[in-house]
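Please look at the sequence and the model together before reading on. The report below goes from the whole chain to a few single residues.

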Amino acid sequence: ADLKENRFVNHVDLLRRIKSLYETDVYEFVNLSVDRRDAIDSFTSLMNNLIVEGESALVSLSSNMELLNAKYSLIIEQKNLYEAAFFNDTNSLLGQNAYDDMQSFVENAKQIVEIRAEYNSASLIFDKMTRYLAALKPRYRDIVANKEAIIQGTKIFDFPDSDLNAIVPIE
């Protein structure tokens, strides 16, 4: 597998792990443990690690998207030059030159499609990661703030139409 594939697969896997942890019922998780305090500590530690990993992924995705944008602009410029050269050489009846320009133009067009696909996939992952982290961070803060109540098994309810918005769905 190449670097692009690994990066994409790792980011999607991170999204899956964030979503899975977000959907985990913290009370059920703690109830299944012998040591409730240890369970909540490992749960919040995992949440924090995923938040840090997610924020790092956002930085990586953002810089990759900037790089792809710059690469895209350069390839578009090259494609336009080869396209213009192709027509000039064809009009000047320079067969080999025109053919070579056409090959370069086609290669640039392929690169443009690839770069656009990479950018769109990075953008999709970036948007999802941003939404997932926006949901996970307040959940993390709520769990940390209510750690003792959770250890004791006291539940906090989020009532419909409440403006407290302490618990936000991930999607």
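## Surface and overall form

The accessible surface of the protein comes to about 10,900 Å², and 56% of that surface belongs to carbon and sulfur atoms. This is a predicted model, so the values that follow are computed from predicted atom positions. Of the 171 residues of the protein, 27% count as buried.

The protein has five helices and zero strands, and reading along the sequence gives the pattern α-α-α-α-α. With a radius of gyration of 25 Å, well over the 16 Å that the globule rule gives for 171 residues, the protein is more spread out than a compact globule. Taken along the principal axes, the box filled by the C-alpha atoms is roughly 85 × 35 × 20 Å.

When contacts between residues at least 6 apart in sequence are considered, 82% of them join residues at least 24 apart.

Aspartate 89 lies in helix α3, which covers residues 36-91. Although aspartate 89 is buried, it has no salt bridge, and the nearest side chain of opposite charge, that of lysine 79, is 16 Å away. Leaving out residues up to four places away in sequence, aspartate 89 touches Leu94, Asn97, Ala98 and Asp101.

Asparagine 64 is also placed in helix α3. Not counting residues up to four places away in sequence, asparagine 64 touches Arg7 and Ala122.

Leucine 93 belongs to the loop between α3 and α4, the latter being residues 95-145. What is the phi of leucine 93? It is positive, at about 60°, although leucine 93 is not a glycine. For comparison, most residues other than glycine have a negative phi.

The table sets out the relative accessibility of two of these residues.

| Residue | Relative accessibility | Class |
|---|---|---|
| Asparagine 64 | 14% | buried |
| Leucine 93 | 76% | exposed |

Asparagine 64 counts as buried because its relative accessibility of 14% is under the 20% cut-off. Leucine 93 counts as exposed because its 76% is over the 50% limit.

Note on methods
Residues are numbered from 1 along each chain as its sequence is written. This is a predicted model: local features need pLDDT of at least 70, side-chain atom pairs count only at pLDDT 80 or more; totals for chains, interfaces and linings use all residues. Side-chain values use heavy atoms; hydrogens and water are left out. Helices (H or I, at least four residues) and strands (E, at least two) are DSSP runs, numbered from the N terminus. The radius of gyration is taken over C-alpha atoms; the globule rule is 2.2 Å times the number of residues to the power 0.38. Buried means under 20% relative accessible area, exposed over 50%, partly exposed in between (1.4 Å probe, protein chains only). Contact means heavy atoms within 4.5 Å. Accessible areas come from the Shrake-Rupley method with a 1.4 Å probe; for residues, only the protein chains shown count as cover. Lys and Arg count as positive and Asp and Glu as negative; His and the chain ends are not counted. A salt bridge is a side-chain nitrogen of Lys or Arg within 4 Å of a carboxyl oxygen of Asp or Glu.
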